[in-house]
Amino acid sequence: MLSRRSNVAALTYLGEGAQLEGVLKVRGQVRIDGRVQGTVIVEGDLEIGPKGEIEGELVQAVNVQIHGLVRAQVIAQEKLMLLKTAHLEGDVRAKALDIEAGAAFIGRSYTGEPRALPQPE
């Protein structure tokens, strides 16, 4: 039997081939290898795998790591990482932005301390 430990962060996984439409709101860590059409809000870290896709209004998390495709505004409270297989279309707000060689980014970026950044409209 599995036991719950309060000090272990929950992991939510959307596997390859899975599809979700609407709003995904989660606490803990999230990995997406499937497809999301809508908004993703994570109180924790978010990773979009190489075959993962998000298309919608907003993607928000503490740290965001993108290997796949995202077409949305992205807000990372701490760090946004675009790895070499990433394709991001949308404006970005993050404390830190890391773009690996080979990644594609189409949009505007606002980086630095969150209170110094322009607020979303």
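Student: Okay, where does His 67 lie?

Tutor: His 67 is in the loop between β7 and β8. Strands here are DSSP runs of E with at least two residues, helices are runs of H or I with at least four, and both are numbered from the N terminus. Before we go on, this is a predicted model, where local features need pLDDT of at least 70 and side-chain atom pairs count only at pLDDT 80 or more, while totals for chains, interfaces and linings use all residues. Residues are numbered from 1 along each chain as its sequence is written, and side-chain values use heavy atoms, with hydrogens and water left out.

Student: Is His 67 buried or exposed?

Tutor: His 67 is buried, because its relative accessible area is 17%. The cut-offs are under 20% for buried, over 50% for exposed and in between for partly exposed, with a 1.4 Å probe and protein chains only.

Student: And which residues is His 67 in contact with?

Tutor: Leaving aside neighbours within four places in sequence, His 67 is in contact with Glu 47, Ile 48, Gly 49, Pro 50, Leu 83, Thr 85 and Ala 86. Contact means heavy atoms within 4.5 Å.

Student: New topic! How many helices and strands are there?

Tutor: The chain has 0 helices and 12 strands. Read along the sequence, the pattern is β-β-β-β-β-β-β-β-β-β-β-β.

Student: In what sense do β2 and β4 pair?

Tutor: Parallel, over 9 bridges. Strands pair if DSSP finds at least two bridges between them. In this pair, Gly 22 stands opposite Gly 38 in β4.

Student: How many bridges join β4 to β6?

Tutor: 5 bridges join them, and these strands run parallel too. Here Gln 37 has Glu 55 in β6 as its bridge partner.

Student: What about the core, which residues touch the most other members?

Tutor: In the largest nonpolar core, which has 25 residues, those are Leu 46, Val 64, Ile 66, Val 70 and Leu 80. A nonpolar core is a set of buried Ala, Val, Leu, Ile, Met, Phe, Trp, Tyr and Cys residues joined through side-chain atoms within 4.5 Å.

Student: Which element gives the largest share of this core?

Tutor: That's β8, with 6 residues. Leu 80 touches, among others, Val 64, Ile 66, Val 74 and Leu 88, not counting residues up to four places away in sequence.

Student: Where is Ile 75, and is it buried or exposed?

Tutor: Ile 75 lies in strand β8 and is buried, because its relative accessible area is 16%.

Student: Last one: what lies over the face of Tyr 110?

Tutor: Arg 93 does, at 4.7 Å from the ring centre. The rule is that NZ of Lys or CZ of Arg is within 6 Å of the ring centre and within 35 degrees of the ring normal.

Student: And what share of the chain is buried overall?

Tutor: Buried residues make up 36% of the 121 residues.
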